[in-house]
Amino acid sequence: MRNRIAAALLLSAVLAITFAAAGTPQAKTLHDPQVIDAHGYEKLVQQQRGKPLLINFWATWCEPCRDEYPMLSELAKEYAPRLRVLGVNSDQDGDLILMRRFIARYKPVFPNYRKKPGRPEEEAEFNHVVLPDWRGELPATFLYDQDGRLIGHFFGAQTRETYDAAIRQLLSGNSASASR
């Protein structure tokens, strides 16, 4: 009789531990950003039609990008849902661990993609699709109206005031260029 009680208690303990572990929320697994080529970028812009769009190109090795990134997350929160914000990472394959850590640290509220690394001519083609005279300098931000037309861009880090002014202009429907 004692053996049955001990076995029942042991079984109860094992089941309780098993169910407790199963009900414990696991850490959310972060997925690497989807890799896009020039065609993927064009498709991405077209899929976002209907709302104004801000796309920021960044990399972990770019100090101004790292400085600007938290502000972009704040802007995405502030202007949601009237504005869509997307990030495109430009790190090479050797920097994937740094990119993963960066995204895990800053927990962006906007989707991020990764520019497909390639040969110089592929890089040039991608940049040409984004903006014909863009040479790939970072950070780079591109502003699209609700119809998917590029209406402005920034090269280099910008202030919060510069972004606010450009976003307000974009949301007002005024398509005057915000290029710098």
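Predicted model: local features only at pLDDT ≥ 70, side-chain atom pairs only at ≥ 80, totals over all residues.
Reader: Where is Cys62 found, and does it count as buried or exposed?

Author: Cys62 is found in the loop that runs between β2 and α3. Buried means under 20% relative accessible area, so Cys62, at 4% relative accessibility, counts as buried. Sequence distance and distance in space should be read separately: Cys62 and Glu137 are 75 residues apart in sequence, and their C-alpha atoms are 9.8 Å apart in space.

Reader: Which residues does Trp61 touch, not counting residues up to four places away in sequence?

Author: Trp61 touches Arg66, Ser90, Asp91, Asp95 and Leu138 on that count, and its side chain makes a polar contact of 3.4 Å with the side chain of Asp91. Trp61 is also found in the loop between β2 and α3, but exposed means over 50% relative accessible area, so Trp61, at 54%, counts as exposed.

Reader: Before we go on, how many helices and strands are there in the protein, and in what order do the elements run from the N terminus on?

Author: There are six helices and six strands in the protein, and from the N terminus on they run α-β-α-β-α-β-α-β-α-β-β-α. Of the 180 residues, 39% count as buried. When you look at contacts between residues at least 6 apart in sequence, 73% of them join residues at least 24 apart.

Reader: How many residues does the largest nonpolar core have, and which of them have the most contacts inside it?

Author: The general idea is that nonpolar side chains tend to be buried together in soluble globular proteins. Here the largest nonpolar core has 44 residues, and those with the most contacts inside it are Tyr41, Ile55, Phe57 and Phe142. Helix α3, residues 63-79, supplies the largest share of this core, namely seven residues. To follow one member, take Phe57, which, leaving aside its neighbours within four places in sequence, is in contact with Tyr41, Phe126, Trp134 and Phe142, among others.

Reader: Which residues in helix α2 are buried, and where do they lie on the helix?

Author: In α2, which spans residues 38-47, the buried residues are Ala38, Gly40, Tyr41, Leu44 and Val45. Seen down the axis of α2, these buried residues fall within an arc of 160 degrees, so they line one face of the helix. They pack against β1, β2, β3, β4, α5 and β5.

Reader: At what angle do α3 and helix α6 pack, and how far apart are their axes?

Author: α3 and α6, the latter being residues 160-172, pack at an angle of about 35 degrees with their axes 11 Å apart, and α3 passes α6 in a right-handed crossing. On the α3 side the residues that meet α6 include Glu68, Leu72 and Leu75, and on the α6 side those that meet α3 include Tyr163, Ile167 and Leu171.

Reader: With which side chain does the side chain of Thr141 make a polar contact?

Author: The partner is the side chain of Asn56, at 2.8 Å. Thr141 lies in strand β5, residues 140-144, and because its relative accessibility is 0%, Thr141 counts as buried. Not counting residues up to four places away in sequence, Thr141 touches Glu68, His153 and Tyr163, among others.

Reader: What kind of peptide bond joins Ala80 and Pro81?

Author: A cis peptide bond joins Ala80 and Pro81, with omega about 0 degrees, and Pro81 has its place in the loop between α3 and β3. Leu138 and Pro139 are likewise joined by a cis peptide bond, with omega about -10 degrees, and Pro139 is found in the loop between α5 and β5.

Reader: What is the phi of Lys107, and where is its place?

Author: Lys107 has a positive phi of about 40 degrees, although it is not a glycine. The place of Lys107 is in the loop between α4 and β4, and at 59% relative accessibility Lys107 counts as exposed.

Notes: Residues numbered from 1 in each chain as written. Heavy atoms only, no water. Core = buried A, V, L, I, M, F, W, Y, C linked by side-chain atoms within 4.5 Å. Buried < 20%, exposed > 50% of the residue type's maximum accessible area, 1.4 Å probe, protein only. Helix = DSSP H or I, 4+ residues; strand = E, 2+ residues; numbered from the N terminus. Contact = heavy atoms within 4.5 Å. Polar contact = N/O pair within 3.5 Å; in protein donor to acceptor, adjacent residues only side chain to side chain. Arc of directions from axis to C-beta. Axes fitted to C-alpha atoms, helices over the stretch in contact; angles between N-to-C directions. Left-handed = near helix turned anticlockwise from the far one by under 90°.
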